[in-house]
Amino acid sequence: MRLDRMLSECGVATRSEVARACRKGLVLVNGIPATRPDLQVDETTAAVTYCGAPVRYRKFVYLLLNKPSGYISATEDGSDPVVTDLLPAEYRRMGVFPCGRLDKYTVGLMLLTNDGDLSHRLLAPKNHVAKSYRFSCEKPLSEAEKSALEAGVDIGDYRTKPCKIEMTAPCEGEITITEGKYHQIKRMFEAADNKITFLERISFGGIVLPPDLERGHWRELTEDELDLLKKSLKDKGNQT
Ligand code: URA
């Protein structure tokens, strides 16, 4: 692989920045200054340093963000802040995007990656990947209303699939759905003549929102978490 491609793919620098750094002798490959950005390197074995910092090549990254309220689930927006604003430039250069959407005022667990294939499979309706949310609603939810929501309700253009709800207080609980229609949970509660007043995603495909990860903070998924995500697909007969 070309040196400039390797460094741009893993978000270290743009190709023109690599060319400039090479001219200044700031890119070392196995300890030797690279004079040309098109130098061929084995990205899996070459010891590359850029401006003194060692470079670890990886094509894909997988991040877990605790989304704060007010952020749009996108990589750009004309007026509001977007979730990728919360990440270092390195990840934005790698082309990281949110895996699915949370509404502007929904908070909690959001996965971001540049692995389009995995993201696509996690969101494919046929894979029924489970997502759990903590919610508060305006009015107490009766047993009958809860059972009706769990069985599936008409949200206008769609009848929702069965889901699971556990109430923790008259107006609070946890809901687990295996699909992701636009404003789904809000529309489900509206169908029950109620209103969601707070929504926080607490798990996605077996990944749980870490209690010590503050709102607006992020970290990379651990190997175990990534395996868990992939397993949530494998269990459904997908290849990973
Ligand atoms: N359902 C909603 O209504 N909003 C979200 O952000 C996620 C699920």
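Biologist: Which residue does Glu200 form a salt bridge with?
Modeller: In this predicted model, Glu200 pairs up with Arg134, and their closest N and O atoms are 2.8 Å apart.

Biologist: Is Glu200 buried or exposed?
Modeller: Glu200 is buried, because its relative accessible area is 7% and the cut-off for buried is under 20%. Arg134 has 36%, so that one is partly exposed.

Biologist: OK, what about Asp117 and Arg121, how do their side chains meet?
Modeller: Through a salt bridge too, with 3.2 Å from N to O. Both residues belong to helix H4 (residues 116-123), and they are four residues apart, which is about one turn of the helix.

Biologist: And which of the labels, buried or partly exposed, does Asp117 get?
Modeller: Asp117 counts as partly exposed, at 48% relative accessibility.

Biologist: What do the side chains of Arg219 and Glu225 do?
Modeller: They meet in a salt bridge, 2.8 Å from N to O. Arg219 is partly exposed at 27% relative accessibility, whereas Glu225 is buried at 14%.

Biologist: Which residues are linked in a network of salt bridges?
Modeller: Arg58, Glu90 and Glu220 are linked that way.

Biologist: How many salt bridges does the count come to?
Modeller: The count is 15 salt bridges.

Biologist: Switching topic: where does the ligand sit?
Modeller: You'll find the ligand in the largest pocket.

Biologist: Which residues are around the ligand there?
Modeller: The list is Leu102, Asp103, Thr106, Tyr133, His183, Gln184, Ile185, Lys186 and Leu199.

Biologist: Which helix gives the largest share of that shell?
Modeller: Helix H6 (residues 184-191) does, with three residues.

Biologist: What about Lys186, which of its atoms lies 3.0 Å from the ligand?
Modeller: A backbone N or O atom of Lys186, and what it faces at that distance is an oxygen atom of the ligand. Ile185 also has a backbone N or O atom by the ligand, 3.1 Å from a nitrogen atom. Then there's His183, where a polar backbone atom is 3.3 Å from a ligand oxygen.

Biologist: How much of the ligand's accessible area does the protein cover?
Modeller: On its own the ligand has 240 Å² of accessible area, and the protein covers 96% of that.

Technical notes
Residues are numbered from 1 along each chain as its sequence is written. This is a predicted model: local features need pLDDT of at least 70, side-chain atom pairs count only at pLDDT 80 or more; totals for chains, interfaces and linings use all residues. Side-chain values use heavy atoms; hydrogens and water are left out. A salt bridge is a side-chain nitrogen of Lys or Arg within 4 Å of a carboxyl oxygen of Asp or Glu. Helices (H or I, at least four residues) and strands (E, at least two) are DSSP runs, numbered from the N terminus. Buried means under 20% relative accessible area, exposed over 50%, partly exposed in between (1.4 Å probe, protein chains only). A residue is near a molecule or strand if one of its heavy atoms lies within 4 Å of it. A polar contact is a pair of N or O atoms within 3.5 Å; within protein, one must be able to donate a hydrogen and the other to accept it, and residues adjacent in sequence count only if both atoms are side-chain atoms. Accessible areas come from the Shrake-Rupley method with a 1.4 Å probe; for residues, only the protein chains shown count as cover. On a 1 Å grid over the protein atoms alone, a cavity is a set of points where a 1.4 Å probe fits but cannot get out, and a pocket is an open set with protein on both sides within 12 Å along at least five of seven lines; lining residues have an atom within 4 Å of a point. A molecule sits in a cavity or pocket if more than half of its atoms lie within 2 Å of its grid points.
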